[in-house]
Amino acid sequence: MQQDLLSDWLVKHELVHRSLGFDCRGIETLQIKTEDWYSIAVISYVYGYNYLRSQCAYDVAPGGFLASVYHLTRIQYGVDKPEEVCIKVFVPRNNPRISSVFWIWKSADFQERESYDMLGISYDNHPRLKRILMPESWIGWPLRKDYITPNFYEIQDAH
């Protein structure tokens, strides 16, 4: 299967990662340690993953880890079905810091800013890391599962 080539290459060069299996389209998902992410991102680019199709983030569980997810694609002339890989980087919610990949894939700009704005993941060395959807005065990270909406009072049993 062609999709596991990056994982094989990482194993061959003794770069630590963990396979999380394949999605329904056969795309391999890899888990990378936070401290190894920037090096592996550069290696992925050099290996041919020249397009960051998307970056997103999610809250794994209340009080648990946050995840930053990267969908990378190898765009080549004359290839109808480009090779893809999904990489997940898990960070603790008490200090959610990940190296920005803006300087590798410029398309990470707004996507990392959105992940910062909604979940509070700080992307080190991002040139413009500031809120993009919420006002600068907003307190908290709205997509975290433990987020409590300020000044929200649910009306119970209103008749």
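**Close-up views of a predicted model**

View 1. A disulfide is a covalent bond between the sulfur atoms of two cysteines. To count as one here, the two sulfur atoms must be within 2.5 Å. The number of disulfides in the structure is 0. Cysteine 56 therefore takes part in none, its nearest cysteine sulfur being the one in cysteine 86, 7.5 Å away.

**View 2. Surface exposure of the two cysteines.** Cysteine 86 is buried, because its relative accessibility is 5% and the limit for buried is under 20%. Cysteine 56 has a relative accessible area of 34%, so this residue is classed as partly exposed.

**View 3. A nonpolar patch on the surface.** The patch is formed by Tyr38, Val42, Tyr45, Val46 and Trp103. Together these residues have about 520 Å² of accessible area. One of them, valine 46, belongs to helix α2, which covers residues 37-47. Is valine 46 buried or exposed? Valine 46 counts as exposed because its relative accessibility is 68%, and exposed means over 50%.

**View 4. Aspartate 109 and its contacts.** Aspartate 109 sits in helix α3, made up of residues 108-119. With a relative accessible area of 9%, aspartate 109 is buried. Which residues does aspartate 109 touch, leaving out those up to four places away in sequence? The contacts are with Phe102, His126 and Arg128.

How values were computed:
Residues are numbered from 1 along each chain as its sequence is written. This is a predicted model: local features need pLDDT of at least 70, side-chain atom pairs count only at pLDDT 80 or more; totals for chains, interfaces and linings use all residues. Side-chain values use heavy atoms; hydrogens and water are left out. Patches are made of residues with over 30% relative accessible area and no salt bridge: like charges are joined within 9 Å, nonpolar side chains (Val, Leu, Ile, Met, Phe, Trp, Tyr) within 5 Å. Accessible areas come from the Shrake-Rupley method with a 1.4 Å probe; for residues, only the protein chains shown count as cover. A salt bridge is a side-chain nitrogen of Lys or Arg within 4 Å of a carboxyl oxygen of Asp or Glu. Helices (H or I, at least four residues) and strands (E, at least two) are DSSP runs, numbered from the N terminus. Buried means under 20% relative accessible area, exposed over 50%, partly exposed in between (1.4 Å probe, protein chains only). Contact means heavy atoms within 4.5 Å.
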